[in-house]
Amino acid sequence: MDEAEIAADGRGGLAHSPAADLEQALIQLESWGAARDWCGPDPYEGLNARRMGALRRTSLGRRILIQAVKPSPVDLRRPLAIPARHNAAALAHVLDGYARASFLAPPARQRQIERVASQLQALSLPEFDLPSWGYHFDVETRVFFYSRTMPNTIATAFAGLALITAYERTGAASYLDLATRAGEFFLAHVPQTEARGGAFFGYLVGDRSPIHNSNMLACALLARLHRHEPRQAFAEASRAGVGYCLAHQRPDGSWPYGERPGLDWVDGFHTGYVLDALAACGDAEIDPAIEPALERGLDFYERNLFLDDGTPKYYATGVWPVDSQSVAQAIQTLSAHGHRDARYRDRSRQVLSWALRNMRRQDGAFLFQRRRYWRNSVPHVRWAQAPMFAAMAAMAEAEAPEGARGGVPQPSETADAQPTQ
């Protein structure tokens, strides 16, 4: 191990209480991200390479190029001439983190919220009449290919959900308006496919892939919007998507990634997405059947996707690779449900402690992945830094004493804040 790069137990500068460790980790990560304007490498941006153009001409070549960049422990972006660019999903996580960031002084926090919201709005894709977001790179997967000009459900839902959080913490109506129009984008352009239990949202415009986390993230956005601006169309679409999700929960409480051959694995961070989205829909009283399903899902998640020492497993059936997405989602999901059962709170703290010892770099950023015999230390922004920032900020907010939460600007101070292009 390169101890100069990885934070170790007892490293100088670590605080001596869990709350202080969390705050220090947040401060250092925020400093790291802000210094780079939260712009940096991404594990899936191989198709942005300005060299090796011949590989981009076929599906197999595109997958080879992506897979050459993704697992490499050496950052290949300079030799392949891959430029650093902002990613909408990353900025959504960052916006959510800043909206909850009580460790920052209110004026600084407000400036960051406004700046990131403006950047996020500027990344909305111009090909559609309503706000929508995608990734800054073309994507080739085992399921489909789509270009950087195509919005996807994950990025659009993350953006809308973060804007709602920003509205809830600041009172700036412009954020809710932008999120509402993102919700309208789903109803207008992303089909729901009728299936057992209800109907599911596709992953892309015109797509009908039965993928649970993307369906539920769209449902969560519509449900949270319905709480603020009740609309029957939002509630009905969310209810149909929730019904599909509940009908396909397995007897053990889990969900596969998708309901199609080859998509039947169960992993940590996608399970976390589903659980968080179900909780948001439950808060909006979309379906009374959510609560028992959520309890079964949380129980499965906590029992099957962690080792005894808090190591987040990638799959329910296997540990490797230990991935920063799994770490971040565990911290966020489990801390959000600590009020339900103390073991979720305790597990979230255990995961954080494990991550600070084993996934944190000396500069305050986090590794991409640990594998059995080696690690990938490239500090991917969308995949590691932004979700870790959002997760730790959410944990700090969840664990703060009721009277100590807040520190956010008052609505009267921010009601005219505008995310501008």
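Predicted model: local features only at pLDDT ≥ 70, side-chain atom pairs only at ≥ 80, totals over all residues.
**Ground rules**

For burial I use this scale: buried means under 20% relative accessible area, exposed over 50%, and partly exposed in between, with a 1.4 Å probe and protein chains only. On that scale, 59% of the 421 residues of the chain come out as buried.

Residues are numbered from 1 along each chain as its sequence is written, and side-chain values use heavy atoms, with hydrogens and water left out.

**Whole chain**

I started with secondary structure, taken as DSSP runs numbered from the N terminus (helices are H or I, at least four residues; strands are E, at least two). The chain has 15 helices and seven strands. Its radius of gyration is 20 Å, close to the 22 Å from the globule rule for 421 residues, so the chain is as compact as a globular protein of that length. That radius is taken over C-alpha atoms, and the rule is 2.2 Å times the number of residues to the power 0.38.

I then looked at the extent of the C-alpha trace, which spans about 60 × 55 × 45 Å along its principal axes. The accessible surface is about 16600 Å², and carbon and sulfur atoms hold 50% of that. The areas come from the Shrake-Rupley method with a 1.4 Å probe; for residues, only the protein chains shown count as cover.

Contacts next, meaning heavy atoms within 4.5 Å. Among contacts with a separation of 6 or more, 70% are between residues 24 or more positions apart.

**Charges and salt bridges**

I counted Lys and Arg as positive and Asp and Glu as negative, leaving out His and the chain ends. That gives 45 positive and 47 negative side chains, with the centres of the two sets 6 Å apart. Each charge is placed at NZ of Lys, CZ of Arg, CG of Asp or CD of Glu.

For a salt bridge I need a side-chain nitrogen of Lys or Arg within 4 Å of a carboxyl oxygen of Asp or Glu. The whole structure has 23 of them.

- Arg62 pairs with Glu140, with 2.6 Å between the closest N and O atoms. Arg62 sits in helix 2 (residues 59-69) and Glu140 in strand 1 (residues 139-140), so this bridge ties together parts 78 residues apart in sequence. Arg62 is buried at 17% relative accessible area, and Glu140 is buried too, at 11%.
- Arg181 bridges to Asp177, the closest N and O atoms being 3.5 Å apart. The two are four residues apart in helix 7 (residues 173-189), about one helical turn. Arg181 is partly exposed at 28%, and Asp177 is partly exposed at 43%.
- Arg340 meets Glu291 at 2.4 Å, N to O. Arg340 is in the loop between helix 12 (324-336) and helix 13 (342-358), and Glu291 is in helix 11 (residues 290-304), so to speak a link between distant parts, 49 residues apart. Arg340 is partly exposed at 27%, as is Glu291 at 37%.
- The network of salt bridges takes in Asp96, Arg100, Glu168, Arg169, Arg224 and Glu397.

**Helix 10**

Which charged residue here is buried yet has no salt bridge? It is Asp276. Asp276 belongs to helix 10 (residues 268-283). Beyond neighbours within four places in sequence, I find Asp276 in contact with Gln329, Gln332, Thr333 and His337.

I also checked Thr271, which is in helix 10 and is buried at 5% relative accessibility. With neighbours within four places set aside, Thr271 touches Val266, Tyr301 and Leu305.

Most residues other than glycine have a negative phi, and most peptide bonds are trans. I noted some exceptions.

- The peptide bond from Trp320 to Pro321 is cis, with omega near -5°. Pro321 lies in the loop between helix 11 and strand 5 (322-323).
- Asp37 is not a glycine but has a positive phi of about 55°. Asp37 is in the loop between helix 1 (18-35) and helix 2, and is partly exposed at 27% relative accessibility.
- Ala81, also not a glycine, has a positive phi of about 60°. I place Ala81 in the loop between helix 3 (77-80) and helix 4 (88-99).
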